[in-house]
Each structure stands twice: as C-alpha cells, then as structure tokens.
Amino acid sequence: MSKKILVVGMARSGLAAVKYLAKKGYSVVVNDSKPEEELGQVLDELKAYQGLEYVLGKNPSEEVLRQVDLALVSPGVPLELDFLVKLREMGKEVISEVELAYREGQEKNIKFIGITGTNGKTTTTSIVGEICKEAGLDTYVVGNIGNPAISAVEEAQPGAVLVIELSSFQLEAVYDFRPEVSTVLNLTEDHMNRHHTMENYAKAKANIFAKQTPESVCVLNYDDPITRDMGNTCQARPVYFSRQSRPEAGIYLDDNKNIIAVKDGREVEIVNAEDLSLPGGHNLENSMAAIGLCLHFGIDKEIIKKVLTTFKAVEHRLEYVNTVNGVVYVNDSKGTNPDSTIKAVQSYKTPIILIAGGYDKGSDFRELFDIAVNYVRTVLVIGQTADLIADTAFKAGIKEIYKLDSLKEAVIKASQIADKDDVVLLSPACASWGMYKNYEERGQEFKDIVNNIL
C-alpha cells in the first residue's frame, strides 16, 4: 500500500477505511463534499485518530492531488468527478473500499465469496453467510449489506471467510479483487443516472469475476440472457442455475421440483423446492445461487439443505410487519428498483395497495406497471418520482392512484381504503435518498407507523 491516501466520501465505508488506514500508520487526507458543520458525528468519531488532514465542503486542490499516492472512493462518489479523472491522468490509482479490503485481507489469507446482481443480493448473501456459519467457518457478512469489508478484515483471524454483497458502484473501482467463488444473480435496468447504459452497468458487474482464474467458479443465472452470455467471457469456470432449463453444468429443477446440482459430473439432490423456507420464484433462484456458491466452496450438501429449509426472511425484503383489522402490512423497502418491485407484487395472490416512489435513478416504470396491473388495485405515490409513477400506473390501467406528501400519510391512507385480506405493500421501486438516509431507515419508519400509529 502507498504512504499517503486520499479517502473520498465519509459514508460508512469511507469512515471505516479512514479508521483502518490511520491505525495502520498511513497518512490520510479526509475529503467530503459536505462542509464541516454537516459532518459533526463523523468528525467526532475521528477525533481519536492522529495526523489526519481534512478537505471538507470542496474538492481537493491540485497540490493535494500531487501529494497523495492513491485515492479510495466511497460507493456513492461518481468516478467521473474532475479531480478523480485528474488523479488517474497522473497515473495514480482510484480504488474502492472493497479493493482495499481484498488487498489487506491477503496478508491473513482471507477468503472472499462475492455476490452481485440487480436483485436478490441481500437475501443470497445472508443465506450464504448462514450456511458458512453453520459449517463452522469464521464468517463475516459484509459489503453493500451494511458492514464495511475493511472493518471485518481488521477484526478477522487468518483464514476467515468474507461473504460480500457487491453493488455496481463498489465494483467500478476494483482491480485485484478475486473471490474464491462469485455470482451474478441477474441484470435488469438500474442506476442509469450513474451508468447511463446497460452496457456500462453490466461491465461494472462483470468486475466481480474479472480476476478470477479457471480454477475458481462463477455462478450465473442461465434464465437471464445477459448473465448467461457472461459465461462466454468469464475467466472462472461458469456454473449455471436455472428454473426453466437443465444446464449441463449447474443447478436445476427435476420433474418432482427437487433442486439438483451437477458437480464433478455427478448429480446431487439438494432439497425439494417446496421445502424452502422462503417463498416465491425469486427466492428459489436465490437459493439455487447459494447452492452453487456453497457446494463449490466445499460445504456439505446436508448443511446447505438445513439452512435453506430454516432460513428466516431478510429484514426490509418482503418482511411481514403486522395484520391490522384483517389487512396485512409488508415492508419491502429493499425494493429499490422496478424489477425488484415486480418480484414483490408477484409474491401475493390477494389485492395489493402499493406504496411506491422516492429518488429518481432514471428508471423506466412501464414494465413494472404492465405487470402490476394484474396484482395491484391501488397505488400510493410519494417522493421525487411520484408524478412519473402515477402517470405510468394510470396508463397501464390502474385507476385508483393517490399522491401523498410523506410515508406516514401514505400508510394512513392505505389503512383507510384497505379491505380485509388486502396487502399493503411498501415496495418503492426507487432509492430512499432525499427522504431518508437509506432503505433501512425508510423500512423502519414504515414498521413504526404500522405498529404504533394504526
């Protein structure tokens, strides 16, 4: 590692990186676009660390850029920023916290299991983490799921396993990162305001397997044409999973709905799909991906089966909250893009009152409502995308639409118009930014409203 490091962005991963680097004796320049008065809690956490330089409320000067040897950027920081472009022109690396964690983790022989895709990342990461723990491995579940990888690297003993959920933002700036096994679960349009094209988005996701070798494995969704084609360029050995076909090397369903894995030329029956603890076709896919990752990481099939039949749902992902006056309330705040919300509405057979809206990531909502019209009777819209979502839902044939000023107003309105056995589903199809710090805060507020106000 270099001697002087610029850390850009003081969100969770950036703050964790500063602390780690300072403890290791590196000279650190702390940068954030927010001014000092808006970073009170962050700066309080850094008071104990000596020798830090601060560039707050502005971009680093050219003089600072010349002094640093390397820059580490938080996921929310666009790599196209002028000063980051200038750094790269100077021949200096611009890396992510994930890349730092990987490089530092090599000293401890830490193994990485990498998981990405548009939807299902958090559930799959959580399942794989539980399987690894059940197998007796020293396991840390990290990354986009909320826990910075570098903090786990610092804490972990040699030989530990990091199961890491990776967003496209985190993968944009990895170079040496090489997981033992990896997966790309699926790819649908997301973050177009950042990546601009699906080609750029897919390229960022493909970085998860860019440095893998033929001795390692990448698990890919055979039913998704984009991820299936990734097998043609993947350096690792592709292993496919499919609900619809029987890939030659991979995981599939037989005629009795048994999940079969082909490994080392042998067919191994893992579990019947009807016995999975998580319902829905999307969770079947998540389970298949977890099987592929864990089998090829060397974990026994009986351990895998045990976890898949007992695993509890991830918080904020189709999370049952309560039943009030016969109405079921479900928290799917993790549904931050249209495809995720499609999977959510398809999970219920009773009429849905959908609460949607939030930050505009440049998504197209037409496919969502072309499908949702078959499941959703009422849409309640909030946030920056409220007008766009309302217009799209109306054109798709949903006539009962309300625009509200807050999530609280939306939940109360839903309670007033819901009939017995309806599902009130918070699945925003949008990010939480601008209204909340993150999807967890949004989901927690929804649960608080349901449990304490209704």
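Modeller: Start with the second largest cavity. Its lining is N119, G120, T123, N186, H282, E285, N286, R317 and K343. Keep in mind that this is a predicted model.

Colleague: Which helix gives the most to the lining of the second largest cavity?

Modeller: Helix 12, with 3 residues.

Colleague: What volume does the second largest cavity have?

Modeller: About 50 Å³.

Colleague: How many cavities of 30 Å³ or more does the count come to?

Modeller: The count is 3. The largest cavity holds about 60 Å³ of space. It is lined by 11 residues, and V73, S74, P75, S96 and F169 are the closest to its centre.

Colleague: What's the make-up of the lining of the largest cavity?

Modeller: The lining of the largest cavity has 6 nonpolar, 3 polar and 2 charged residues.

Colleague: Which domains does the largest cavity lie between?

Modeller: Domain 1 (4-91) and domain 2 (98-310). Both give residues to its lining, so the largest cavity lies between them.

Colleague: Back up a step. How is the chain divided into domains?

Modeller: Into domain 1 (4-91), domain 2 (98-310) and domain 3 (319-453). The C-alpha centres of domain 1 and domain 3 are 37 Å apart.

Colleague: How does the lining of the second largest pocket divide?

Modeller: It has 2 nonpolar, 8 polar and 7 charged residues.

Colleague: Why does the second largest pocket lie between domain 2 and domain 3?

Modeller: Because domain 2 (98-310) and domain 3 (319-453) both give residues to its lining.

Colleague: New topic: packing. In the largest nonpolar core, which residues touch the most other members?

Modeller: L162 and F177, out of 56 residues in that core. Helix 1 (residues 12-23) supplies the largest share of this core, 7 residues. Domain 1 (4-91) and domain 2 (98-310) each give this core at least three residues.

Colleague: What does F177 touch, leaving out residues up to four places away in sequence?

Modeller: F177 touches V98, E99, Y102, F112, I164, L166, I208 and K211. Another core lies apart from the largest one. That other core has 38 residues, including V181, A273, L278 and M288.

Colleague: Last one. Where is S333 found?

Modeller: S333 is in the loop between strand 16 (327-331) and helix 14.

Colleague: Does S333 count as buried or exposed?

Modeller: Buried, because its relative accessibility is 0%. The cut-off for buried is under 20%.

Colleague: What is S333 in contact with, beyond its neighbours within four places in sequence?

Modeller: S333 is in contact with H316, L426, P428, Y439, R442 and G443.

Colleague: Great, thanks.

Terms used
Residues are numbered from 1 along each chain as its sequence is written. This is a predicted model: local features need pLDDT of at least 70, side-chain atom pairs count only at pLDDT 80 or more; totals for chains, interfaces and linings use all residues. Side-chain values use heavy atoms; hydrogens and water are left out. A nonpolar core is a set of buried Ala, Val, Leu, Ile, Met, Phe, Trp, Tyr and Cys residues joined through side-chain atoms within 4.5 Å. Buried means under 20% relative accessible area, exposed over 50%, partly exposed in between (1.4 Å probe, protein chains only). Helices (H or I, at least four residues) and strands (E, at least two) are DSSP runs, numbered from the N terminus. Domain bounds come from an automatic or database domain assignment. Contact means heavy atoms within 4.5 Å. Ala, Val, Leu, Ile, Met, Phe, Trp, Tyr, Cys and Pro count as nonpolar, Asp, Glu, Lys and Arg as charged, and the others, Gly among them, as polar. On a 1 Å grid over the protein atoms alone, a cavity is a set of points where a 1.4 Å probe fits but cannot get out, and a pocket is an open set with protein on both sides within 12 Å along at least five of seven lines; lining residues have an atom within 4 Å of a point. Grid points are joined across faces, edges and corners, and a volume is the space filled by probe spheres set on the points.
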